[in-house]
Each structure stands twice: as structure tokens, then as C-alpha cells.
There are 2 protein chains.
Amino acid sequence: MAKEKKLVEAITSMEEDFAQWYTDVVKKAELIDYTSVKGCMVIKPAGYALWENIQHELDRRFKETGVENVYLPIFIPESLLQKEKDHVEGFAPEVAWVTHGGLEPLQERMCVRPTSETLFCDFYANDVHSYRDLPKVYNQWCSVVRWEKTTRPFLRSREFLWQEGHTAHATAEEAEARTQQMLNVYADFCEEVLAIPVIRGRKTDKEKFAGAEATYTIEALMHDGKALQSGTSHNFGDGFAKAFEIQYADKDNTLKYVHQTSWGLSTRIIGAIIMVHGDDSGLVLPPKIAPTQIMIVPIRQQQEGVLEMANELKNALTSAGFRVKVDDSEKSPGWKFAEQEMRGIPLRLELGPKDIEAGQAVLVRRDTGEKTVISTKVMDLVAEMPRVLETMQNEMLERATKHRDAHTYTAVTKEEFKDIADNKPGFIKAMWCGCQECEEAIKEEIGVTSRCMPFQQEKLADTCVFCGKPAKTMVYWGKAY
Amino acid sequence: MAKEKKLVEAITSMEEDFAQWYTDVVKKAELIDYTSVKGCMVIKPAGYALWENIQHELDRRFKETGVENVYLPIFIPESLLQKEKDHVEGFAPEVAWVTHGGLEPLQERMCVRPTSETLFCDFYANDVHSYRDLPKVYNQWCSVVRWEKTTRPFLRSREFLWQEGHTAHATAEEAEARTQQMLNVYADFCEEVLAIPVIRGRKTDKEKFAGAEATYTIEALMHDGKALQSGTSHNFGDGFAKAFEIQYADKDNTLKYVHQTSWGLSTRIIGAIIMVHGDDSGLVLPPKIAPTQIMIVPIRQQQEGVLEMANELKNALTSAGFRVKVDDSEKSPGWKFAEQEMRGIPLRLELGPKDIEAGQAVLVRRDTGEKTVISTKVMDLVAEMPRVLETMQNEMLERATKHRDAHTYTAVTKEEFKDIADNKPGFIKAMWCGCQECEEAIKEEIGVTSRCMPFQQEKLADTCVFCGKPAKTMVYWGKAY
């Protein structure tokens, strides 16, 4: 047992130090590795397989709404980045600059894309001429670079993977509809596939994207009560179109500016999966996104027939569409159990000589530890598995929602607000007057930022929680990653 | 008809100017667009969909051989790039250098990866300890940057998309087997899926990858008789392992160096698809890789029932697993035909009121122009389509193979060699003494480079075609992209 203990001991408990627990899990579950490139990480097979599943499912949902994938250059010439004033102010301080190509200095330096609005605008300015060319609903899967000072795996790194959708429309209404549509694609994906409940809302002007008219966001609550912005969708109006001269001839033969949107979701979401579902034994993956759903662990595998039976069940379950592995390594069963738990594989099927004799196996759920004895008749197993996985998927969402709701507080007075912010990690719902000064003072004095103005508004009070002036809107506040 | 003519006239004929034909096709088939970023391109939806299909099929084949996907950083610190002497000499002159992060100069400049051997080595040096950690069979899909002076869409650009596999093995034998295995994966993929016949062979020392012990290659012949290196697989022996100190404790408890390989295939292969199969009407896509396999073109679509029938057939064919679109735009049928041909969509189904009355449609093959009248009973159509697509796929490979063989020549004397090189575009098979001086002189005097030493050797003569000394090996020579 010494070895098993070692593996588990290697993780700091969540209670003791959540940040260290997080770092331990990403390393011990073999999701990432650190590199000689400061602030950049290696995404290892277990981490990348998770991203591939996210890509696959999200890409399918995008395409159902008419999205087409493209690929634009990795570099942005400085003059292009500077065309939209707010945008360059937001991004210029945190980009990586390429100044030399081969042995020669460049005439104009270029940054490695931190986001590609300017490139898409440059492209659309050439490609859009008539109303017949609209809408453009393009997306790209790529990596982007932002020169962060402090970094954490998945949550904040100098390079990360993401998708960025960029659309151009004939009318403001169509752009607004697309902005909201894509936010809902993200939200549904998080809830249905990742079992992560999210608050859908709009960012305040202070928190919106550099150059956007409106930024919509989905905000999730992590286990430690901190918020994580999990996906954003921006409506640019015709601001970029004017800066980049993207005009089309409308049916009435007049030239009009297009209206644009962009929306992105990144490898950051893997951080959310870890921090919403994980526990002191490691990662817990929702069945729908888990690269391996069922790990079969043979007991006394050297005994005749055990490995054969394990592989037989694996093949039967694989044929039925499940993602299954057999751990036939030379490690002890206890070590294998600990590894499967650390890696968050949803189900473990334990199978030893006695089980085989009895025509059964022991099925263990990763999230609850619940054990059931289950028939290994292929028909029974294949019939039972979807039910177990679906139950687990649903209960994970329920549990995360309960946790989120239990850590969502309401503040009506400044004192309540301060007390909750100091003592109760979670979301704080409170009314706001709409002034940026107030928002800044709240950040300064209370120590929380506005997460979003939720679409589902509640009237908690008539006045702003901070300044007492008439309230305009309810805001979710919190500490955030 | 004026418009249709315009679309077709927009392409220069292959005979007249092959290079211009190529450029016209990539633009008019809407595969790419040029950008403000010199030497970089936009891959548009039609081009990217092609790459997605290539990725999908190749990734599936990789995974069948045990490959796992990962993601490593985009940047390589200069000191890391310099660790392997031959490698840095090969790549340093053509990398893009990042010198500033945010507002500050970097302590050490970094290049944007031109290829990731050094990063994988750095990673493996940390990650490999024991024989139990081997083999590592990792791959990544990403973009790379090489600062080319002259660029052409897909064939040579400053940034391109590719996959790069990097493996580490306990023994030299295992590394060699993996190197050849992956070359065969590429070759089979090209022949079975892209209908491009390839020569499998080994590069001469002069032409091998910077830092490799052996480079294997697949070489394809384009329509104009020039060769295109379409995929390469390298065996590094333990050279990189020694430079990066990648050692493992073997079963006998001694420390040993790993043996490594790498292998890559890039968006360049799209250039091969265009130049092997295209014709004067545009692109011709092999059915297996075509994003759209069947374009239904309704004739007199304003007439009642025509569009309905077109969509009904589309739905039936889509359900049966085919990739189908209906062109219901307001363009004329002739214009739609020309567009479908330009874009290389394998089959066109023409459907007008008279056809509907007769329960039939006209099916036109893109590659041969062959027209057949076909029953539109769903059962008949779904039964017939696989046969037509498979026949087209097979005949495309046959045609390309015939073309390649008809443009493969044998030279025994220097005079023959020179005559063929000057007058007959294609591969030239000729014996070689194995000296690098001879190889360089051939390039200088004859104007061709060694493409590969094919695995399937033939003995054409006893002496080197150039110097007359005893011959060691048969080489495929040619002019290359």
C-alpha cells in the first residue's frame, strides 16, 4: 500500500491549499508539464485528448449554426493592430513582438496574434463587396499568445489554444442575434457536456472586450468560490468596420458598413472542469467529455482467463460505442485504482477470478465512490452502461449547481456586501447604479469585481448596494481567476 | 453565357502557363486569399475543409498505430535551438525571432517554431526515466513558421499548417521500424485517399533533414512533370538524445540513450492534390477527400416542385452518408456548373422539371465529364452513388499513375540524362556512385536534384550516370517544387 499512499499523498487537500491542490492535480493527472519556455506549458496526452473532445463537440455545434472554419496568419503587422484605437490599447501591452525574420531585421515589426479581430477585418475588407457576400460566419482553431506576468496551467499562460469566431453581418440586429446565439452555444455546451452550470449575462463597460460595444459572458463558480469567465461573445457594432473600411453594396445600391461579432472559448475551460468537479483524489471527468469512460482493472491478472475476460468486455463495450481501456500494467490493483481516480476516469470495472466465476464484476463510480455488483453478460453490461453514465453526468451537473447555488449570496447593504466578500467565497448578487466610479470603488474597497449583469434579472432592492443611488441593474460580483 | 465564360476564362490554361494556372485555381476555387502579412495566406472555407478531412483521416490512421496527440509551446528559446549542431545550422537562417514580450525586451530571444525537435527533446529529457516510459509516440497538429524569401500558396509560405510526430524508443531497431511505418502511413494515405501515387524511398545525405541519420520520403509527380516531396519521416538515431541528455534506465539497470524519429505532412499536400488532378476547368477533388461530394443543381428552380425534389434527394443522400449540397442560389445553371467544376466537386446532379417527370436526373462526373441518366428513386440513387464515387476515385489514381509512369524516364549515359532533363519533364531514373560531389555536379550541370533512392531498386547499369565510376544505387532525379 506504500505506493498507493504515495500517489494520493502527492496531492495537497483542497481544504488545506486549493491553489496547490490544483497544481498537484494538473501534474499528477498528467494533463500538463512545465517547459523551458517560461509561461508556456506542454499539454500531455491526457490533457490534449480532453481538448480534442471539447473541440469535436463544440465544432459540431458551431457547424449546425452555419459556421465555417478558416485559418488566418499567426502574425499581425503593427500598423494593422493599431487601426482600432481601443483594441490596440487593450492588447499592445501584452503581445510578443517579432522583429527579425531569418538573419534580417523586419521593416515593420509584427506581433504574434493575441486575438485576430484585426486580421479578420483586413480579410473581410477585401472579401466583402455586396450584400450577397454576407453574412460571413467564420471560425478558427488556433493558438494565441499574451505576455502574462504570472501564469497558471490552463488558467493563464503565455500561449493558449482556443477557437475564435469572427462574423460580419448586413445589419445590427443580425449581429446582435449571432452574438447571443453563440453565447448560448457555449452555455449549453458547458451545461450539457461539461456538467458545469453557468450564469449568462453581459459584462459592464469596464469589463468588456477592447473595442466591443457589448460583451456577453458565461461565468462559472469554482469549488473554492471563485468565478471563472468561461466563454465570451462580443458585438462590435460597426466600430471595426469603420476603422477597416469594411463596406458592402446593399440591395438599394448604397454602401453600408458591416456589423461584426467575435466569440471565443479556450483551454481555460479545462481549468473549470478540474476546479468544478475535482476532489481530493484528483480529477473527476464528466462521462460525456472523458477520453476514457471506463477503466477495466483486472484483479490477479496473472491467473488464467482474467486478462482474456477483461479484453473481451473491453471489446464488447468498445463496439457498443463506449471509450474503454484495460489497465493490464504490472502495477498492483490498488495502485491502478488510485491512478484511475487521479485521472478522473468516470467508471472503474473491477474483475477478478471470483467475479468471473460468478459472472459479475464490481462497478465503481468515480464521483460518488458508489460500488455496484453488475452482471458481465455482454447484453446486460451494454444495456446498463448508458444508464450509469447518464446518471453520473446528470448528478455531476446537479451537484455543481447545488454547490453554486449554496455559494451564491445576496447583499442589499454595503455592510452585508463587505461581510460576504470577506467571509463567504462565492457569487454575490447585488444591485448597482451603473456608474463606473462605483464599480471601481467596489473593487477597491470590497475586493470583488463585477462578473456580469445576468440576463435573468432580479430586483433585490431599489438602490445601489454601494452608493445608495437608484439601482439600474442586478450584478453578479465575485473574486475571479 | 457571358458570365460562365468569364469564370472559365479567368483561368489560364495549364499548357500556356502552369504556374499561373495554379495561382488562378487556388484563388478561383476559393481555397486561399492573400493577406497584408507578406508570405502568409488565409485558408478559406473550401481550403480549410479539405485540410480538416486530411487531418481527420490521417489522425485516425495515426491513432491506429498507437500515436497520442500533445501540444508543445510555439516558441523555442535560442539556447534550446542551438543544442544540436546540424539542426541549428539547418534552421537558424530561416526562423522568425521574438525579441520583445509586452513592452520589455526579452532576456533571451526565442524563435517561432520552424519544427519542434528541440522542444520534444527538452520535454523527453524531463519525462523519460525508465524503460517503462518508452516508447513515446507523440504527435502535434500545429502551425510552423519558416522565413521563406519567395512564397507560393500551399507550396511554400512563411507559415503553414502540419502535423509533426516525435517519438522516442529504447532501441535503434524500434526507431527504424517506426520511421518506416509512418512513411508507409503517409504513402498509403496518399494513394488510397488522395489518389496520388508516390515513390517511397530514402533521401541522399545531402537532401536529408538537418540532424537526421536517415530521411525517408514520398515523392509525387505533378501534372507539369515536376516532383513534390509530399511527406517525410526521419530517423535521428541517438544524436539528439546525446545533445539533450535523454537517457533511460534499462531493465539491466544501465543508463542508455533513447533513439528518436520525427515525421511530418503539411498543407503542402493540398498543392499536390491541385497539381496532380486539376484541369483547365479548375480543381478536381478525389471523392474520398472532397468536402462536398455531390452538388445538386436544380434547373428552372423557380418551377414548382424542383427545389423540393432537389432538397429531398439531398436529405436522402446525406442520410446515407454522402456529403451533398444543393446550389439554390439565383445564378444561372451554366454559372453553377462552372462553379461546381472550378471547385472540383466530384459529382453534379442536374435536376429539372422534365427530369422529375421522368423520375430521373443527369449525373456528371467532374474528372471525365461523363454524363449518365440516373433514376431518382432514393433506393436506386443510394445504391448507385458508392459505385460511381468509387469508380471515380480508382480511375483518378489510375490516371495519375499512368501520367507518372509515362513521365518517368531512364538515363544510362550523361548525354541521355541531360537530354531528358532538358526536354522531358518528369522523373529520371539513373544510377549513382554515391558521391556528394557527383550529386552536386548533377544539380549544377544537368539541373535536377536527387528526389530519393527508392526502396524498389532496379539495376539500370553498372556505372554512375554522371562520373562513370561503379554505381551504388538507383536514384529518382527531377526538378522539384
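What follows is a short chat about a predicted model with chains A and B.

Me: What should I know about the model and its numbering before we start?
Reply: This is a predicted model: local features need pLDDT of at least 70, side-chain atom pairs count only at pLDDT 80 or more, and totals for chains, interfaces and linings use all residues. Residues are numbered from 1 along each chain as its sequence is written, and chains are lettered from A and ligands numbered from 1 in the order in which they are written.

Me: What rotation superposes chain B on chain A?
Reply: A rotation of 180 degrees, with 0.0 Å of shift along its axis and an RMSD of 0.0 Å. That is the relation of a two-fold axis. The superposition is by least squares on the C-alpha atoms of residues with pLDDT of at least 70 in both copies.

Me: Which residue of chain B comes closest to that axis?
Reply: Val98(B), with its C-alpha at 2.1 Å.

Me: How many residues are in contact between the chains?
Reply: 42 residues of chain B are in contact with 42 residues of chain A. Contact means that the C-beta atoms, placed from the backbone, lie within 7 Å.

Me: Which element of chain B gives the most to that side?
Reply: S5(B), with six residues. Helices (H or I, at least four residues) and strands (E, at least two) are DSSP runs, numbered from the N terminus.

Me: And what classes of residue are on that side?
Reply: The side of chain B that touches chain A has 25 nonpolar, nine polar and eight charged residues. Ala, Val, Leu, Ile, Met, Phe, Trp, Tyr, Cys and Pro count as nonpolar, Asp, Glu, Lys and Arg as charged, and the others, Gly among them, as polar.

Me: Why do the copies meet through the same surface?
Reply: Because 100% of the interface residues of chain B are also interface residues in chain A.

Me: How do the S5 strands of the two chains run?
Reply: Antiparallel, with five bridges joining S5 of chain A to S5(B). His100(A) has Trp97(B) as its bridge partner. Strands pair if DSSP finds at least two bridges between them.

Me: What sheet do six strands form?
Reply: An open one with antiparallel pairing, in the order S4(A)-S6(A)-S5(A)-S5(B)-S6(B)-S4(B). S4 of chain A and S4 of chain B stand at the edges, each with a single partner strand, so one side of each has no neighbour in the sheet.

Me: What joins S5(B) to S6 of chain B?
Reply: Four bridges, and these strands run antiparallel. Here His100(B) has Pro105(B) as its bridge partner.

Me: New topic. Which sheet has eleven strands?
Reply: An open, mixed sheet of chain B, in the order S3-S7-S8-S14-S11-S10-S9-S22-S23-S21-S20. S3 and S20 of chain B stand at its edges.

Me: How many bridges pair S8(B) with S14 of chain B?
Reply: Eight, in the antiparallel sense. Glu164(B) stands opposite Gly264(B) in S14(B).

Me: Last one: where does Asp279(A) lie, and how many C-beta neighbours does it have?
Reply: Asp279(A) lies in the loop between helix H9 (268-277) and strand S15 (294-298) of chain A. With 18 C-beta neighbours inside 10 Å, Asp279(A) counts as partly exposed. A residue is buried if 20 or more other C-beta atoms, placed from the backbone, lie within 10 Å of its own, exposed if 12 or fewer, and partly exposed in between.

Conventions. Contact = placed C-beta atoms within 7 Å.
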